[in-house]
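I opened my notebook to look a structure up piece by piece. Here is what I wrote down as I went.

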Amino acid sequence: MAELQRILYVEDEPDIQAVAELALETVGGFTVKICASGEEAVRDAEAFAPDLILLDVMMPGMDGPSTLEALRGIPALAEVPVAFMTAKVQPSEIEHYKSLGARDVIAKPFDPMALSDQVRRIWQGAA
Amino acid sequence: MTPTDAEQALTTRLEELRSRYLERLPDEFAELSALQGRLSGQEQDRDVLDELQQRLHKLAGSGGSFGCASLSIAARSLEQRIGAWLEAKELSLDAPTRRSLMDEIEALSRTVPERPERPERPERPAFRVAPEARTTSDSTLEVWLVEDNAELCRQLQQQLESFNYEVRVFRSIDELKGAMESREPDLLLVDVMLEQGRENATERLMDSPQVQALECPLIFLSANDDFPSRVRAVQLGAEGYFLKPLDVPRLVNRITQIFEERRAPPQRVLIVDDDADLAEHMRLVLTAVGMEARVLASPNDVMDTIATFRPELVLMDLYMPEYAGTDLAGVIRQHEAYTHLPIVYLSAETDIERQIDAMGRGADDFLTKPISDLQLVAAARSRIVRARQLEDRINKDSLTGLLKHASIKEAANREALRARRIGRPVTLAMLDIDHFKVVNDTYGHAVGDVVISSIATLLRQRLRQSDIIGRYGGEEFVAVLPECEAEHAQGVLEDIRRNFASLDFGRKGERFGCTISIGMVCSAAYPDQDGPGLLVAADEALYKAKRGGRNQVQQGFPAHTREVTD
């Protein structure tokens with residue numbers, strides 16, 4: 001199984017971007033690229049060639065689900081596992097997001113010290 | 001950098017991010033207050049509430065990552081309340097509601113702690129979360145069997161596959177361990193004696209951390225009833241220990257039962273507490289372990305909420321400003337349908353006399369605040385389990401776990417009425433085991449019981465979760481299939497009939513098979529019949545199947561159409 005190395009994180013809030021970058025790069029040792037919007041992700045994702053994509057659900061402009069749909073349209077990214085990040089974690093919502101093609105859902109707020117482990121577990125489940 | 005330096009650097013960086021976040025918070029709170037100030041109590045509040053909701057959603061999603069877990073919880077509670085208002089058809093927030101919203105928005109700033117709080121981890125509670133039920137009736141469940149006796153393997157495999165389980169066979173523990181590297185089965189079935197008795201599986205498995213961490217149920221089979229192996233099985237968390245010669249139908253029943261327990265619907269808890277933060281916290285804790293929890297919005301809605309949410313437990317704060325918990329419990333108990341609903345009080349009160357007084361007025365127990373998350377979950381879980389057991393004892397047949405005669409009749413009636421109301425057909429089937437008396441007379445009642453519970457297992461397995469099944473009489477069963485066309489029902493019932501015929505029953509080496517006759521009717525063919533009428537028609541169709549030579553499915557049609565078609 002290939003190692004999880006490259007993570008694309010799509011998130012519009014600067015505070016969360018910063019803490020996620022720290023959590024994934026420093027704690028997890030991953031290579032991380034942050035995109036501030038769904039549009040930016042669709043533009044830059046293929047060139048970055050991520051192993052895993054984390055998508056915030058609620059973003060202005062393209063939200064998480066529509067970004068996922070657009071990313072799935074890019075052949076090189078069609079198979080890359082995607083997890084949603086959201087502050088709503090009702091079981092029914094998790095099922096809904098999974099039905100859209102997400103591998104998993106990460107609850108916000110996340111614990112910066114635990115995020116990398118969580119991401120790694122999702123990756124192992126998906127691989 | 002040494003690890004400690006690295007940790008130090010990380011902590012420093014996290015602190016920096018946190019202070020930056022905290023610096024921005026006062027502006028955010030001011031924005032929220034300003035928005036709240038624009039509320040007028042009219043329909044045009046919708047846009048303002050939308051914006052408020054979005055901002056609160058962001059706070060809920062970020063606070064905990066910056067050491068402000070209480071802020072997250074408080075913001076989430078507000079967000080949800082606003083969401084509920086927005087869902088209502090008409091929007092009119094009266095002055096007291098707006099005032100309390102103002103108070104709570106102002107209170108947000110007070111939730112920000114001086115020192116970082118331990119982050120909330122709803123996805124990783126400190127206690128073990130019940131494994132999420134992977135099982136639905138649509139997906140095939142995988143049973144892994146570790147057995148080196150080829151004949152027993154073949155027999156088990158055939159029987160388990162008749163019940164729609166997928167079986168994967170391993171000859172040794174090493175083979176099993178190899179496969180477990182990549183995935184886990186839904187259930188593991190292990191023979192204790194392997195390698196012609198040279199290897200004891202319970203011993204081998206005790207040494208394996210992989211097996212210790214196993215989430216799926218484990219069952220042992222053994223030719224020897226030795227105590228040390230049984231104890232090791234318990235220590236390994238085994239859910240069953242079956243002695244050879246194997247009673248395969250009983251084993252299959254046990255397996256099905258285990259899966260059904262895991263598939264049980266989430267436990268429902270209603271929380272009544274005027275402390276919104278605490279209530280929300282309890283809701284999150286219970287939700288995190290897979291329960292469905294709801295906070296009562298207003299005491300006046302208690303009966304409506306109970307009727308729609310159908311809680312299996314009410315957690316009730318004893319002292320609330322408007323009404324006492326005992327008053328609300330009294331109101332609940334006035335309704336006959338809810339006399340058995342467990343009510344547990346939450347209270348900081350340690351005065352034993354007041355608790356006894358409250359117990360005399362309809363409470364089941366007390367939990368004294370502050371209650372730990374673990375204790376809350378354990379208390380709620382065990383009470384609901386007990387309540388469900390009691391409910392089952394009342395409504396269900398003890399041998400098969402299916403509904404009793406009266407309950408299935410009631411269900412047939414209810415579904416026939418519903419079918420007419422929604423304009424979708426319901427199909428009723430009546431099933432009867434062929435020559436069952438001969439089985440009982442030849443092999444005894446114990447074997448007869450196994451035959452009966454096997455058909456029950458098969459019905460539960462092959463029908464949808466929304467279908468309703470009951471034991472109508474001794475060897476007679478009724479299945480109610482809502483929103484199911486005759487053609488589809490016929491296919492499913494044929495499948496059940498065939499599978500039942502392929503099962504092997506036996507006692508002390510003697511083997512025999514059994515068959516079943518089935519009569520079915522679809523409400524589409526009987527537009528004027530109610531539940532009892534459809535049952536009579538299904539009984540006639542069953543009679544037709546018996547007369548036609550048994551081991552078959554017959555569909556019933558009203559007399560006049562038969563005259564036309566015959």
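**Entry 1: one glutamine.** I am working with a predicted model. I began at B:Gln552 and set aside its neighbours within four places in sequence. I then found it in contact with B:Arg497, B:Ile516, B:Ser517, B:Ile518 and B:Ala545.

Next I asked where B:Gln552 sits in chain B. I found it in the loop between helix H20 (531–547) and strand S19 (553–555).

Is B:Gln552 buried or exposed? I read a relative accessible area of 16%. Buried means under 20%, so B:Gln552 counts as buried.

What does its side chain reach? I noted the backbone oxygen of B:Gly548 at 2.9 Å. I also noted a polar contact with the side chain of B:Gln554, at 2.9 Å.

**Entry 2: the cores.** I turned to the largest nonpolar core and read 58 residues. The members that touch the most others are B:Leu189, B:Leu251, B:Ile255, B:Ile433, B:Val451, B:Ile455 and B:Phe500. Which helix gives the most to this core? I found helix H18 (residues 445–462) of chain B, with eight residues. I also saw that this core draws at least three residues from each of domain 2 (141–263) and domain 4 (405–565) of chain B.

Then I found a second, separate core of 51 residues. It includes B:Phe29, B:Phe66, B:Trp85 and B:Ile105.

**Entry 3: chain A.** I looked up the secondary structure of chain A and read five helices and five strands. Along the sequence they follow the pattern β-α-β-α-β-α-β-α-β-α. Chain A has 127 residues, and 54% of them are buried. I took its contacts with a separation of 6 or more. Residues 24 or more positions apart account for 65% of those. The chain exposes about 5,100 Å², with 51% supplied by carbon and sulfur atoms.

**Entry 4: where the chains meet.** How many residues of chain B are in contact with chain A? I read 29, against 26 residues of chain A. The area buried between the two chains is about 2,400 Å². Carbon and sulfur atoms give 60% of it. In chain B, B:Leu10, B:His57 and B:Lys58 lose the most area to chain A. Together they make up 22% of what that side buries.

Note on methods
Residues are numbered from 1 along each chain as its sequence is written. Chains are lettered from A and ligands numbered from 1 in the order in which they are written. This is a predicted model: local features need pLDDT of at least 70, side-chain atom pairs count only at pLDDT 80 or more; totals for chains, interfaces and linings use all residues. Side-chain values use heavy atoms; hydrogens and water are left out. Helices (H or I, at least four residues) and strands (E, at least two) are DSSP runs, numbered from the N terminus. Buried means under 20% relative accessible area, exposed over 50%, partly exposed in between (1.4 Å probe, protein chains only). Contact means heavy atoms within 4.5 Å. Accessible areas come from the Shrake-Rupley method with a 1.4 Å probe; for residues, only the protein chains shown count as cover. A nonpolar core is a set of buried Ala, Val, Leu, Ile, Met, Phe, Trp, Tyr and Cys residues joined through side-chain atoms within 4.5 Å. Domain bounds come from an automatic or database domain assignment. A polar contact is a pair of N or O atoms within 3.5 Å; within protein, one must be able to donate a hydrogen and the other to accept it, and residues adjacent in sequence count only if both atoms are side-chain atoms. Buried area is the accessible area (1.4 Å probe) that two parts lose on being put together, summed over both.
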